[in-house]
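Work through the exercises below with the coordinates loaded. Each task is followed by a stepwise solution.

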Amino acid sequence: MRIVVDVAPLSHQRTGVGNYIRGSLLGLAEADGEHELVAFAPVSARGRRAVDAALAGIELERRP
C-alpha cells in the first residue's frame, strides 16, 4: 500500500500541525515494513528547503 502525505505545512515555521505531521511520518517510517511512504509538497524553492530540513532523517520518498 502507498501512503501519501501532504507535507506543505512543513514549509512554514513548525508549530502544532507541522510537528504533528513530522511526528506521524517518523512513526510510520519506523513502524512500517511493507508500505511505501511518500511525502509531497507543492511549495516554492524556499519552502522546499524548509521541508527538506524538516524531513531530514526520515526514510521516505519525496515528490515535489
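**Exercise 1.** Which backbone oxygen lies 2.7 Å from a polar atom of the side chain of Ser11?

The model is predicted: local features need pLDDT of at least 70, side-chain atom pairs count only at pLDDT 80 or more, and totals for chains, interfaces and linings use all residues. Residues are numbered from 1 along each chain as its sequence is written, and side-chain values use heavy atoms, with hydrogens and water left out.

*Solution.*
- Step 1. Ser11 sits in the loop between strand E1 (2-6) and helix H1 (16-31); helices (H or I, at least four residues) and strands (E, at least two) are DSSP runs, numbered from the N terminus.
- Step 2. The oxygen belongs to the backbone of Ala8.

**Exercise 2.** Is Ser11 buried or exposed, and which residues is Ser11 in contact with, leaving aside its neighbours within four places in sequence?

*Solution.*
- Step 1. Buried means under 20% relative accessible area, exposed over 50%, partly exposed in between (1.4 Å probe, protein chains only).
- Step 2. Ser11 has 17% relative accessibility, so it counts as buried.
- Step 3. With contact taken as heavy atoms within 4.5 Å, the partners are Val43, Gly47, Ala50 and Val51.

**Exercise 3.** Where do the buried residues of H2 lie, seen down its axis?

*Solution.*
- Step 1. In helix H2 (residues 45-55), Gly47, Val51, Ala54 and Leu55 are buried.
- Step 2. These residues line one face of H2, because they fall within an arc of 90° (directions from the helix axis to the C-beta atoms).
- Step 3. Ala45, Arg46, Arg49 and Ala53 are exposed on the other side of H2.
- Step 4. The cover over the buried residues includes H1, strand E2 (36-40) and strand E3 (61-63).

Notes
A polar contact is a pair of N or O atoms within 3.5 Å; within protein, one must be able to donate a hydrogen and the other to accept it, and residues adjacent in sequence count only if both atoms are side-chain atoms.
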